[in-house]
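Me: I would like to learn how to read a structure feature by feature. Please take me through this one.

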Amino acid sequence: MESKESVRRSPQTGTRNQSWDPLQSSASWLSWVSRLSETWWTRTGGASAIAAARNERLAALLPFVRANSPHYRDAWRKFPARAPLEALPVVTKRDLMGDFDRWVTDPQLTRTGVEGFLADRAHIGERLLDRYAVWKSSGSSGEPGVFVQDGAALATYDALIGVQLGAAGLGRRYASGVFGSGGKAALITARDDHYASIVSWERLTRASPWLSCKSYSVLDPLPELVAQLNAYKPAFVASYPTMLALLAEERAAGRLTIAPSLLWSGGECMTLATRAAIERAFGCPAVNEYGASESLSIGYGCDEGWLHVNADWVVLEAVDSDFQPTQPGQPSHTALLTNLANRVQPIVRYDLGDSITLKGEPCACGNPLPAIKVEGRRDDVLSLVAADGSVVRLLPLALSTVVEEEAGLHRFQILQTASDRLALRLDPEEVRDRMAAWAAASRALKAYLGRQGLPNVAVTLERDLPARRDPRTGKLRQVCVECAEPRTAH
Ligand SMILES: [Zn+2]
């Protein structure tokens, strides 16, 4: 990774990375500014202006998809050209990935070509075919995905960040961070592969030479991470809510001394209680972003504890198990996503897997965008006991990332069965050579645990299939705790 840090532009000289030059051209800058002001003006027009913008974009998107994506054209053959969105069939990641070359609307894109690009981690943040950003999703659903984004989609995601900062009254916070604290920004994420967060970060840091940005690996031991953040003193910190919660504990204990102006949380669900604890520990606001690899910004949190859907840029339908709409106040079986910004790889009535609950009445915060609550990926932090009795906290996401990246597995489960014991379950549908998969996964886990000061933790292979599901969402949980929390020794 040291090579990546050194090739990045230095903040002093502002040298830009050549690979992104076309996107930093005046044309793309103008596109970003126009998206920002367009979105801003739409929202000041209230709910009816938002609905009108959504309908107009949808009316342009659907004929485009029918004309340019053979996969959707086949799936929609029985439906008239003017069929409403709600009449069209639901698509899943598995269907679309299985027909990738006919899903995308640019014939130059092929799954083989995209996977060849993704196979080289030196390409993280670079553009495919000189015009697309590409990332893969970690297999939290047991099904890996590959997502290609065009310039218009990227300009939209960037503009939505700007609008959110404005809407949440955080613009001044942001500005004070940029001008008062040197604008230093830190991202702590799974950065060793082409995931949406690190790809977007690399892209934005290359496009913003006035900002100093550093990314840190979520796999680094917490004390190392704390020391590095203390040395860097970032004004902005972005990470998963579980990581921000761990850092809040470090801050409260006095080991972490940074004083950021703004925190950014994404990638997992953040509860109101977690957000409050994080904001209290750091004494600054935390923006709660709800996004996915399929659409980077689906919504964002407000002070009333709701998420407001970017309904001018996405359609998010709350549906039951028969894909019929659920009533406000009722948790949905799943949510169907339509991304109105990205045309190269259309997402139309895509089964997202998250359970959402619509708010029936307007939100007290005054935001005209529809408000929802989400039951999505929400994992518990693990507490393991080292040989000297100290407790080491680990992110479930770090454990699952290690197994995914090093062993190439997606459908597995890691259980904490004792304070110094983990058990692995494999899915025979994914794994042909069980012993080889176990050897790779256990080697990766032992190496990771060793780096965290936990060489004493045993890892065993369980005969059982992955089984534990989240009671709220019915989703398979990749990492779960099956034993009592050990008492903290420090
Ligand atoms: Zn609200």
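Predicted model: local features only at pLDDT ≥ 70, side-chain atom pairs only at ≥ 80, totals over all residues.

Me: How does helix 12 lie to helix 13, oblique or parallel?

Reply: Angles under 35 degrees count as roughly parallel, and 65 to 115 as roughly perpendicular. The angle here is about 40°, and that makes helix 12 oblique to helix 13.

Me: Is the crossing of helix 12 and helix 13 left-handed or right-handed?

Reply: Left-handed, for helix 12 and helix 13.

Me: Which residues make the contact?

Reply: Helix 12 supplies Pro 241, Leu 244, Ala 245, Leu 247, Ala 248 and Arg 251. Helix 13 supplies Thr 274, Ala 277, Ile 278, Ala 281 and Phe 282. By class, the contact of helix 12 with helix 13 has nine nonpolar residues, one polar and one charged.

Me: Helix 12 also meets helix 11. At what angle do their axes cross?

Reply: Roughly 75°, and the axes come within 11 Å. That makes helix 11 roughly perpendicular to helix 12. From helix 11 come Leu 222, Leu 225, Val 226 and Leu 229. They meet Met 243, Leu 246, Leu 247 and Glu 250 in helix 12. The contact of helix 11 with helix 12 divides into seven nonpolar residues, no polar and one charged. Note Leu 247: it is listed in the contact with helix 13, and in the contact with helix 11.

Me: What about helix 14 and helix 15? At what angle do they pack?

Reply: Helix 14 (residues 396–407) and helix 15 (residues 434–451) pack at about 135°, with axes 9 Å apart. Only angles over 145 count as roughly antiparallel. Helix 14 and helix 15 are therefore oblique to each other. Their crossing is right-handed. On the helix 14 side, the contact is made by Ala 398, Leu 399, Val 402, Val 403, Glu 406 and Ala 407. On the helix 15 side, Ala 440, Ala 441, Ala 444, Leu 445 and Tyr 448 take part. By class, the contact of helix 14 with helix 15 has 10 nonpolar residues, no polar and one charged.

Me: Let us step back to the chain. How many helices and strands are there?

Reply: The chain has 15 helices and 20 strands. Of its 490 residues, 53% are buried. Now take contacts between residues at least 6 apart in sequence: 67% of them join residues at least 24 apart.

Me: Show me a residue in a strand. Where is Ser 295, and is it buried or exposed?

Reply: Ser 295 is in strand 8 (residues 295–301). Ser 295 has a relative accessible area of 1%, so it is buried. Leaving aside neighbours within four places in sequence, Ser 295 is in contact with Tyr 157, Val 314, Leu 337 and Asn 339.

Me: Where is Ala 159 placed?

Reply: In helix 8 (residues 151–167). Ala 159 is buried, at 1% relative accessible area. Ala 159 and Thr 39 lie 120 residues apart along the chain, and their C-alpha atoms are separated by 7.9 Å.

Me: How should I read a positive phi?

Reply: Most residues other than glycine have a negative phi. Lys 233 has a positive value, near 55°. Lys 233 sits in the loop between helix 11 (222–232) and strand 5 (236–239). At 54% relative accessibility, Lys 233 counts as exposed.

Me: What is phi of Arg 349, and is Arg 349 buried or exposed?

Reply: Phi of Arg 349 is near 55°, again positive. Arg 349 lies in the loop between strand 11 (334–339) and strand 12 (350–351). Arg 349 counts as buried, since its relative accessibility is 4%.

Me: Last, how many disulfides are there?

Reply: A disulfide is a covalent bond between the sulfur atoms of two cysteines. The count here comes to zero disulfides. Cys 302 counts as buried, at 8% relative accessibility. Cys 365 counts as partly exposed, at 36%.

How values were computed:
Residues numbered from 1 in each chain as written. Heavy atoms only, no water. Axes fitted to C-alpha atoms, helices over the stretch in contact; angles between N-to-C directions. Helix = DSSP H or I, 4+ residues; strand = E, 2+ residues; numbered from the N terminus. Left-handed = near helix turned anticlockwise from the far one by under 90°. Contact = heavy atoms within 4.5 Å. Nonpolar A, V, L, I, M, F, W, Y, C, P; charged D, E, K, R; others polar. Disulfide = S-S within 2.5 Å. Buried < 20%, exposed > 50% of the residue type's maximum accessible area, 1.4 Å probe, protein only.
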